[in-house]
Amino acid sequence: MKTMVNNMVIQNRSILRYSAVALALLGAASAAGQTQRKPPYWASIEKPEARMRTGPSTEFPVTWVYKRQNLPVKVVAVHSVWRKVQDPDGDQGWLHVRLLSPTQTAIVIGKGIGALRDSPQANAHISWRVEPGVVGIIDECEKGYCRFETNGRYGYIERSRIWGDEAL
């Protein structure tokens, strides 16, 4: 019985070690995937809370705490696992790579309500309306419009009404 318990303990330790190694490799692969991209490029904040710092280390002071998941950011520099980003207001600082996602998002800018249209044309039917500050996932950018999705609703919005898509 004692031998059986010892074998189970050894197996559990092995499982924990292999799991830890696998998680470390996955984290390294994620960081390596983003390292391969040369700035500038677009990313978004993946976590519900992200701390922007004045430098690329936890030793540097926090300048902003973002509580806006999917907020678009422009990555302007890379240092190890840290990314220097610019937010929609133009503020710059450093975020750890694990806080970022490669998913391209955008935020509605400008004054007044924006229109989400059925197709990328100025005279297309308006299916939804969005206020400045609304964040959504974008794709299919063409003819001065991008497909914009937020909370399960989507449509085409003028590129001039969003931040997060201009060519870099």
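Of the 17 residues in the largest nonpolar core, which touch the most other members?

**View 1. The largest nonpolar core of the predicted model.** Ile45, Val85, Leu95 and Leu100 touch the most other members of this 17-residue core. A nonpolar core is a set of buried Ala, Val, Leu, Ile, Met, Phe, Trp, Tyr and Cys residues joined through side-chain atoms within 4.5 Å; buried means under 20% relative accessible area with a 1.4 Å probe, protein chains only. Two or more residues each come from E1, strand E2 (50-53) and strand E4 (72-79), strands being DSSP runs (E) of at least two residues, numbered from the N terminus. E1 gives the largest share, 4 residues.

**View 2. Surroundings of isoleucine 45.** Beyond its neighbours within four places in sequence, isoleucine 45 is in contact (heavy atoms within 4.5 Å) with residues including Tyr66, Arg68, Leu95, Leu99 and Leu100.

**View 3. A second, separate core.** Among its 9 residues are Val130, Ile138, Cys146 and Phe148.

**View 4. Arginine 147 over the face of tyrosine 154.** Arginine 147 lies 4.1 Å from the ring centre; the criterion requires NZ of Lys or CZ of Arg within 6 Å of the ring centre and within 35 degrees of the ring normal.

Residues are numbered from 1 along each chain as its sequence is written. In this predicted model, local features need pLDDT of at least 70 and side-chain atom pairs pLDDT 80 or more, whereas totals for chains, interfaces and linings use all residues, and side-chain values use heavy atoms, without hydrogens and water.

Note on methods:
Buried means under 20% relative accessible area, exposed over 50%, partly exposed in between (1.4 Å probe, protein chains only).
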